[in-house]
Amino acid sequence: MHIADVDAGMLGANGIVGAGPPLATGAALSIDYQDRDQVAVGFLGDGAVAQGQVHEAMNLAATWDLPAIFVIENNHYGEGTPVEEQHNVDNLSDTAQAHDIPGLTVDGMDITAVAEAVGEARARARAGDGPTLIEAETYRYRGHYEGDEEPYRDEDELERWKARDPIDSFKERLIDRGELTAEEFDELEGEIEAEIDAAVEYAQNAEPPAPHEAYDDMFAETPPEIERFATAARTSTDGGHPGGERR
Ligand SMILES: Cc1ncc(C[n+]2csc(CCOP(=O)(O)OP(=O)(O)O)c2C)c(N)n1
Ligand SMILES: [Mg+2]
């Protein structure tokens, strides 16, 4: 969740439910202001759809015709609460009507359907016609967190969704079309697994970051009161907090 790759255009995710759309609207405003040929995409879960800031963000993007796409990943549960117990609308994309922007629901288990919907929304945004709300219906295979006992769903439901796994079905489609062989798929999968294994090994063997690094990259200009903590962490042997100053 807490990942960012600014070079790849990914501004960063965070743990605040519904915080993606305001960032996307801000990025879209910057794109529009600087007249760049880009589109901002903001992702949110079904559990974020009723958040006030999500609608503030969609409203501004709609009012100013900003190049933004809002994608709801509706995996049918917000933590353990079923989506129909969270919202009164039939489709979460219906909320687009409040902002007078196109809202559509697509099969989130179908890679091609998602790509087509996003392609159309992207063309609309680039043409200056404003944002689109896309709801992708999907499913969360695992619990909301490690150790989630998942009392809110049964095994059958999980198996029904797994039978429609988007990677498996896309693989089959590519093989049927003669665009990929099963061997080529296995090879690709092996390469990806090796890349992940190498990343895990690197992380497990890496030195833990120095305590003072917790203060790096937080501010463009570090305020003096924060700098004091950073200096204390840099100079103390246990990397500690200047205890006497704790409030
Ligand atoms: C603003 C805010 N309120 C509450 C929480 C606590 N919280 C964490 S996840 C979550 C539910 C999110 O639902 P959804 O977006 O559907 O995520 P999923 O459970 O599918 O991973 C809540 C309420 C939070 N992180 N941020
Ligand atoms: Mg959810």
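Trainee: Which residue is the bridge partner of Glu73 in S6?
Mentor: Ala136 is the bridge partner of Glu73. This is a predicted model: local features need pLDDT of at least 70, side-chain atom pairs count only at pLDDT 80 or more, and totals for chains, interfaces and linings use all residues. Residues are numbered from 1 along each chain as its sequence is written, with chains lettered from A and ligands numbered from 1 in the order in which they are written.

Trainee: How many bridges do S2 and S6 pair over?
Mentor: Six, in the parallel sense; S2 covers residues 68-74. Strands are DSSP runs of E, at least two residues, and helices are runs of H or I, at least four, numbered from the N terminus. Two strands pair if DSSP finds at least two bridges between them.

Trainee: What stands opposite Val106?
Mentor: Ala136 in S6 does. Five bridges join S5 (103-107) to S6 (132-137), and these strands run parallel.

Trainee: What is the strand order in the sheet?
Mentor: S1-S2-S6-S5, in an open sheet with parallel pairing. S1 (40-45) and S5 stand at the edges with a single partner strand each, so one side of each has no neighbour in the sheet.

Trainee: New topic. At what angle do H1 and H2 pack?
Mentor: About 20°, with their axes 8 Å apart. Axes are lines fitted to C-alpha atoms, for helices over the stretch in contact, and angles run from 0 to 180 degrees between N-to-C directions. H1 and H2 are therefore roughly parallel, a term for angles under 35 degrees.

Trainee: And which residues come nearest to ligand 1?
Mentor: Val17, Gly45, Asp46, Gly47 and Gly78, of the 13 around ligand 1. A residue is near if its C-beta atom, placed from the backbone, lies within 6 Å.

Conventions
Parallel < 35°, antiparallel > 145°, perpendicular 65-115°, else oblique.
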